Amino acid sequence: MLDMYFTMIPLIFAGIANMMFTKTKLYRMHRSPIDGGRVLADGKRMFGNHKTWIGFFSMIVFCVCFQLVFGFFCNMMDMNQHCDIYIISSNTVCFNIFFGGLTGFVYMFSELPNSFIKRRLGIEDGKTAKGIKGGLFFIVDQIDSLIGVMLLVYLFSDITIGKYCLYVLLGGVTHVIINSVLYCMKVRKNI
């Protein structure tokens with residue numbers, strides 16, 4: 001399990017950095033919604049204001065940066081064998097740029113279907129629903145991006161489907177813990 005956490009370190013730090021970035025003046029000045037504010041035939045937005053181009057691309061940049069630092073650290077400390085990705089894929093600068101960029105893209109892209117469905121159900125962006133619907137979307141909100149990202153880990157390593165599912169579960173629990181800490185620090189408005 002520690003090796004799984006070790007493998008997720010770049011993603012965890014990139015996610016935290018991106019969340020902190022969304023609180024900056026630079027982000028606020030350039031936050032253009034991915035859906036361009038368009039309303040669909042049902043009278044509702046496609047994704048909402050919280051899915052922005054700058055947030056999408058900043059996650060890619062953060063994932064590349066943290067994957068590069070992580071790869072350098074693994075090489076320097078001879079710890080590649082503890083990262084599921086580096087067991088099969090080479091820990092090189094080119095691979096880390098590629099994999100980090102792909103991770104950031106997939107992370108953000110994997111959140112879009114959830115946002116689309118929530119808008120169709122009348123759940124405002126940045127808000128939570130009540131009751132069973134709220135509980136279901138709380139879970140989906142924690143794992144939507146992990147389903148896509150851990151699929152990358154699956155494709156670039158030799159993990160089993162069972163371990164893939166465990167990665168999603170572990171990542172989801174970690175997401176809740178980190179969101180709780182960020183909520184206590186007043187960085188997030190909800191968990």
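**Cavities and pocket**

Modeller: In this predicted model, the lining of the second largest cavity divides into 4 nonpolar, 2 polar and 3 charged residues.

Biologist: Which element gives the largest share of the lining of the second largest cavity?

Modeller: The second largest cavity has a volume of about 50 Å³. Its lining includes Lys118, Ile123, Gly134, Phe137, Phe138 and Asp141. The largest share of that lining, 4 residues, comes from α6.

Biologist: How many charged residues does the lining of the largest cavity have?

Modeller: The largest cavity has a volume of about 90 Å³. Among the residues that line it are Thr7, Met8, Cys63, Phe99 and Val153. By class, the lining has 9 nonpolar and 3 polar residues, and the number of charged ones is no residues.

Biologist: Which element gives the most to the lining of the largest cavity?

Modeller: At least two residues each come from α1, α3, α5 and α6. With 4 residues, the element that gives the most is α1.

Biologist: Which residues lie nearest the centre of the largest pocket?

Modeller: The largest pocket has a volume of about 1,400 Å³. Elements that give two or more residues to its lining include α2 and α7. The lining divides into 17 nonpolar, 18 polar and 13 charged residues. Of the 48 lining residues, those nearest the centre are Met19, His50, Lys51, Glu111 and Arg188.

Methods
Residues are numbered from 1 along each chain as its sequence is written. This is a predicted model: local features need pLDDT of at least 70, side-chain atom pairs count only at pLDDT 80 or more; totals for chains, interfaces and linings use all residues. Side-chain values use heavy atoms; hydrogens and water are left out. On a 1 Å grid over the protein atoms alone, a cavity is a set of points where a 1.4 Å probe fits but cannot get out, and a pocket is an open set with protein on both sides within 12 Å along at least five of seven lines; lining residues have an atom within 4 Å of a point. Grid points are joined across faces, edges and corners, and a volume is the space filled by probe spheres set on the points. Ala, Val, Leu, Ile, Met, Phe, Trp, Tyr, Cys and Pro count as nonpolar, Asp, Glu, Lys and Arg as charged, and the others, Gly among them, as polar.
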